[in-house]
Amino acid sequence: MKGIKKSLTEEYLYLDFSHQKEGCIFPFHTSITLFLLSYCDCKIFKVCLVLTGESTGISLLKNVLSEDVEIQIISRQELPPIVQNCCLPAVVERPDNFCRAGLAVVLRHIIQKSYEADPSKKEILELLGFKKTCLKACAEVSQWTRLCELTIPLAIENFLKEPSDQPPTIPAEILELEKKLSEPVRVHNDDKLRRQKLKQQKAAGVRPSLAKEEMKSKVHRQETSEEVDSSSASLELRVAFSKLTVHEEPAPANREPAHVRKAKASDLPPLDHVFVEGLYFTLADIVLLPCIHHFLVIICKKLSEKLVEFPLLAAWYQRIQEVPRVKTTASQCGIQFLNLPELQTTSNEQQPSLDEVPCAEEQNDPSFIGGPRPTMTKLMEKGIEVMFSPHPCPTWTLDWDTLPAAVSPKEGKMSSDRALRKQQQLNNLVYVVTNQAKPGDRIVDFCSGGGHVGIVLAHMLPSCQVTLIENKELSLIRAKKRSDELGLSNIWFIQANMEYFTGTFNIGHFFITW
């Protein structure tokens with residue numbers, strides 16, 4: 001077909017499979033990944049379901065798998081060695097030395113490869129959101145990524161495992177998501193959109209105090225329609241669905257009225273959520289849809305009176321069904337959407353003002369594990385005392401002039417001054433590691449960046465296996481390019497959060513830039 005590019009690199013997608021229950025494949029990470037594959041109509045990966053020791057329900061898989069996806073079932077022992085060191089899902093490029101692991105990393109890669117294979121599918125690339133940053137920040141530092149990637153899928157899995165003879169407990173993570181949907185939306189051009197909304201409210205004769213209730217009422221009426229009527233829809237819905245139909249919101253023909261132009265930012269109406277990240281349909285919506293669907297199925301069966309506590313979540317669930325291809329994809333993946341009753345939010349619901357709402361990364365959650373706290377403090381809290389001592393051999397240095405050019409950090413896209421400082425740092429590190437390493441040792445370079453340490457070690461220690469772990473894809477791609485130039489065969493590249501690496505090693509390196 002014209003416009004479709006053939007992938008030059010064969011890639012394998014490995015997914016865990018423990019069991020299948022009520023139209024859902026467990027773990028949820030697998031259901032989510034298969035849903036995205038179907039939504040993107042992506043057939044460029046060879047998909048393998050990896051059985052656990054307790055896998056059940058294999059014969060029923062055909063009922064919940066898209067017929068368009070060819071799947072091979074394998075045991076964990078059949079995984080490539082590099083994947084055996086990672087949590088699934090994982091994608092591996094042949095010849096099995098570059099692996100992407102973890103749900104967010106894998107889903108973002110599927111989107112990028114689907115678009116590369118068929119650049120006409122621009123709506124697929126739009127799933128990555130503004131500046132292509134949707135779920136890009138790793139779960140170790142981003143509370144939003146952690147909520148979507150880890151805590152909500154795991155919470156719903158546990159929710160579904162609760163005994164059938166007892167009323168289930170509502171997961172705290174679901175309450176957190178409902179609260180997030182009530183917060184004002186922040187987008188890059190929100191001042192312009194909020195002024196347009198003010199103009200719309202004035203034209204409709206809606207007082208600002210009643211605007212939010214009026215908008216929600218309209219959303220409930222409109223989300224069951226096949227198309228959104230541009231004359232009556234809220235501004236948020238018009239903007240959101242104009243993007244989904246690949247039509248930009250037309251610019252106003254005339255200058256805005258004076259009362260709109262001169263309005264203070266604090267007097268502008270806030271923007272309301274259409275989708276989970278704000279106005280636009282993104283990867284986060286796809287991640288949460290299978291989870292929320294199965295949560296609502298249980299709620300409707302066992303705790304129907306509790307449904308009124310989740311009006312915003314229910315409205316989102318109804319609205320997302322009107323996104324092109326979502327219903328088709330759900331049907332292919334064994335999801336039968338529920339018809340929920342219209343729910344009303346309480347009129348005295350107190351919403352924070354836009355200026356008071358911090359971004360997700362700024363919220364102070366004491367239970368959140370991670371974030372950029374001082375490294376020395378972290379070590380001390382773990383009872384690790386850092387000892388400082390003189391360099392055992394301060395005059396020792398690598399002979400950089402005799403090494404291949406690709407070994408030098410000068411090949412890693414940095415200034416000459418910085419490259420010189422990096423060489424000095426590498427002298428110290430390489431001296432310590434080469435004096436400790438033994439043939440056959442596994443050396444892991446955590447947060448490897450562009451691979452300056454790992455590539456030197458792999459070149460200097462050909463009898464050792466060196467693994468680079470880094471969350472930033474472009475850094476690892478640059479490192480692999482340098483490794484390929486050197487012809488190194490003892491090096492692996494893993495794009496993942498550190499916590500997704502499960503392998504053993506003899507020497508670990510975590511370099512800190514002071």
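In what order do the 9 strands of the open sheet lie? The order is β5-β4-β1-β6-β7-β10-β9-β8-β11. The views below show a predicted model.

**View 1. An open sheet of 9 strands has mixed pairing.** Strands of a sheet pair through backbone hydrogen bonds, either parallel or antiparallel. In this sheet the pairing is mixed. Its edge strands are β5 (71-75) and β11 (507-510). Each edge strand pairs on one side only. On average, neighbouring strands are turned by 20° against each other, direction ignored.

**View 2. Strand β9 pairs with β8 and with β10.** Strand β9 covers residues 465-470. Of its 6 residues, 5 are buried, so β9 is largely enclosed by the rest of the structure. Strand β8 (residues 442-446) runs parallel to β9, and 5 bridges join the two. Within this pairing, V444 has T467 as its bridge partner. I443 of the model stands opposite V466 in β9. Strand β10 (residues 491-495) also pairs with β9 in the parallel sense, over 5 bridges. Here L468 stands opposite F493 in β10.

**View 3. Helix α15 forms a β-α-β unit with β8 and β9.** The helix spans residues 452-460. The unit of β8, α15 and β9 is right-handed. Helix α15 lies across β8, β9, β10 and β11. It runs at about 170° to β9.

**View 4. Helix α16 forms a β-α-β unit with β9 and β10.** This unit is right-handed. Helix α16 packs on the sheet and touches β7 (98-101), β9 and β10. The direction of α16 makes about 165° with that of β10.

View 5. Is K480 buried or exposed? K480 is buried, with a relative accessible area of 15%. D484 is partly exposed, at 44%.

**View 6. K113 and E11 meet in a salt bridge between a helix and a strand.** Side chains of opposite charge can pair when their charged atoms come close. The side chains of K113 and E11 meet at 3.4 Å, N to O. K113 lies in helix α2 (residues 103-117) and E11 in strand β1 (residues 11-17), so the pair ties together parts that are 102 residues apart in sequence. K113 is buried, with a relative accessible area of 16%. E11 is buried too, at 2%. A network of salt bridges links E11, K113 and E116.

**View 7. K43 forms a salt bridge with D41.** The closest N and O atoms of K43 and D41 are 2.4 Å apart. D41 is partly exposed, with a relative accessible area of 40%. A search of the whole structure finds 14 salt bridges.

**View 8. Helices α1 and α2 make contact.** Two packed helices are described by the angle between their axes and the distance between the axes. The axes of α1 (residues 28-39) and α2 come within 10 Å and cross at roughly 10°. The helices are therefore roughly parallel to each other. From α1, the contact uses H29, I32, T33, L36 and L37. From α2, it uses L103, L107, I110 and I111.

Note on methods:
Residues numbered from 1 in each chain as written. Predicted model: local features only at pLDDT ≥ 70, side-chain atom pairs only at ≥ 80, totals over all residues. Heavy atoms only, no water. Salt bridge = Lys/Arg side-chain N within 4 Å of Asp/Glu carboxyl O. Helix = DSSP H or I, 4+ residues; strand = E, 2+ residues; numbered from the N terminus. Buried < 20%, exposed > 50% of the residue type's maximum accessible area, 1.4 Å probe, protein only. Pairing = 2+ DSSP bridges. Right-handed = clockwise from strand over helix to strand, strands pointing away. Axes fitted to C-alpha atoms, helices over the stretch in contact; angles between N-to-C directions. Parallel < 35°, antiparallel > 145°, perpendicular 65-115°, else oblique. Contact = heavy atoms within 4.5 Å.
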